[in-house]
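Please view the sequence and the structure before reading on.

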Amino acid sequence: MWWLRPIRFMRRVNMRSTMHDPLDHVTGIEKRELLAHLAGDCDPFRIIAIKKGPGTFERPNLIPSAFTGRLIVCSCSPWDNHAEYMYLHLGCPKRCGCGYWFELCPVAPL
């Protein structure tokens with residue numbers, strides 16, 4: 001039982017050793033997120049707010065999504081205390097109550 005030995009008999013640890021790279025320890029979606037950050041993609045899950053563009057029917061605001069549908073929120077006016085929620089489907093542009101048009105833009109999944 002090593003934990004019962006006195007400290008003087010314990011093996012010495014090299015204090016000058018370096019820490020391991022975090023990429024060696026993570027797995028799954030967290031590893032893919034770190035690799036995306038290293039590749040320069042600071043928003044791999046596409047959750048940062050998107051600024052509205054022209055928003056016409058001919059040039060709708062493009063919302064990136066790796067799926068066929070996505071729930072979005074439109075803050076129509078900065079003075080409103082509420083937001084409008086819409087569910088977008090791939091290939092079907094949708095108009096918000098404030099007049100802006102939105103459409104899903106397919107991107108590769110993470």
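## Contacts of Met86

Contact means that heavy atoms lie within 4.5 Å. Leaving out residues up to four places away in sequence, Met86 touches Arg70, Leu71, Ile72, Cys74, Lys94, Arg95, Cys96 and Phe102.

The model is predicted, and local features need pLDDT of at least 70, side-chain atom pairs count only at pLDDT 80 or more, and totals for chains, interfaces and linings use all residues. Residues are numbered from 1 along each chain as its sequence is written, and side-chain values use heavy atoms, with hydrogens and water left out.

## The nonpolar core

A nonpolar core is a set of buried Ala, Val, Leu, Ile, Met, Phe, Trp, Tyr and Cys residues joined through side-chain atoms within 4.5 Å. Buried means under 20% relative accessible area, exposed over 50%, and partly exposed in between (1.4 Å probe, protein chains only).

The largest nonpolar core has eight residues: Ile63, Ile72, Cys74, Met86, Leu88, Cys96, Phe102 and Leu104. At least two of its residues come from each of strand E2 (69-74), strand E3 (84-89) and strand E5 (101-106). Strands (E, at least two residues) are DSSP runs, numbered from the N terminus.

## Arg95

Arg95 belongs to strand E4 (residues 94-95). Beyond its neighbours within four places in sequence, Arg95 is in contact with Met86, Tyr100 and Trp101.

## Cysteines

How many disulfides are there? A disulfide is a pair of cysteine sulfur atoms within 2.5 Å, and by this rule the count is zero. For Cys98, which is in no disulfide, the nearest cysteine sulfur is that of Cys76, 3.6 Å away.

Cys98 is partly exposed, at 29% relative accessible area. Cys105 is also partly exposed, at 26%.

How values were computed: Helices (H or I, at least four residues) and strands (E, at least two) are DSSP runs, numbered from the N terminus.
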